[in-house]
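The following report describes selected local features of one protein model. Please examine the sequence and structure before reading on.

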Amino acid sequence: MLVHGTALEVNGQAILLRGASGAGKSDLALRLLAKGAKLIGDDYVVLSQADRSVFVRAAPELHGMLEVRGVGIIYVSEVLPLDTPYPLFAVVDLCDREDVPRMPEDEDAQTEILGIAVKRLALHSFDASTPLKIALVCGQDL
């Protein structure tokens, strides 16, 4: 299944950033890359299901490319192999700051993808702490 979003590898697992155009997916990805994450794919990624898990890999036509608003398309040198699927650990839905829950309810902490429950966060991309919040959830310092 092809989905609109940006995916990065953190600690051997995939994080999928979702949001409307201009929500800050690529901007947040750029900041996560600077902290040690690796790019799986930007703009569109491929999701698949196996063994009750969701896996993410790059869309072939966009492999290694990241759109940086105000700069253009850049080619990321630390890109992951095209044919390697990474298990999806969490989905980060990017939203307006006022829509970020102060204390998320249990029903907000998961989303369903390909019939499988996946951890979900609602965050504001442009907050300085957003990469650190993702690192906390992933159990890794970025």
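In helix 2 (residues 130–138), the buried residues are Thr-130, Pro-131, Ile-134, Ala-135 and Cys-138. These residues cover an arc of only 145° around the axis, which puts them on the same side of helix 2. The arc is that of the directions from the helix axis to the C-beta atoms. Buried means under 20% relative accessible area, exposed over 50%, and partly exposed in between, with a 1.4 Å probe and protein chains only. Helices (H or I, at least four residues) and strands (E, at least two) are DSSP runs, numbered from the N terminus.

The model is predicted: local features need pLDDT of at least 70 and side-chain atom pairs count only at pLDDT 80 or more, whereas totals for chains, interfaces and linings use all residues. Residues are numbered from 1 along each chain as its sequence is written, and side-chain values use heavy atoms, with hydrogens and water left out.

The packing partners of the buried residues of helix 2 are strand 2 (6–10), strand 3 (13–18), helix 1 (25–34), strand 9 (86–94) and strand 11 (116–123). Just after helix 2, Gly-139 adopts a positive phi of about 75°.

Glu-112 has Ala-117 of strand 11 as its bridge partner. Two residues lie between the strands of this hairpin, in which Leu-114 takes a positive phi near 55°.

Contacts (heavy atoms within 4.5 Å) of Thr-111, not counting residues up to four places away in sequence, are with Arg-18, Val-91, Ile-116, Ala-117, Val-118 and Arg-120. Val-100 lies in the loop between strand 9 and strand 10. Leaving aside neighbours within four places in sequence, Val-100 is in contact with Cys-95, Ala-122, Leu-123 and His-124.

| Residue | Relative accessible area | Class |
|---|---|---|
| Val-100 | 23% | partly exposed |
| Thr-111 | 17% | buried |
| Cys-138 | 6% | buried |

How many disulfides does the structure hold? The structure holds zero disulfides, a disulfide being a pair of cysteine sulfur atoms within 2.5 Å. The sulfur of Cys-138 has its closest cysteine sulfur in Cys-95, and the separation of 17 Å is too far for a bond.

Terms used:
Two strands pair if DSSP finds at least two bridges between them.
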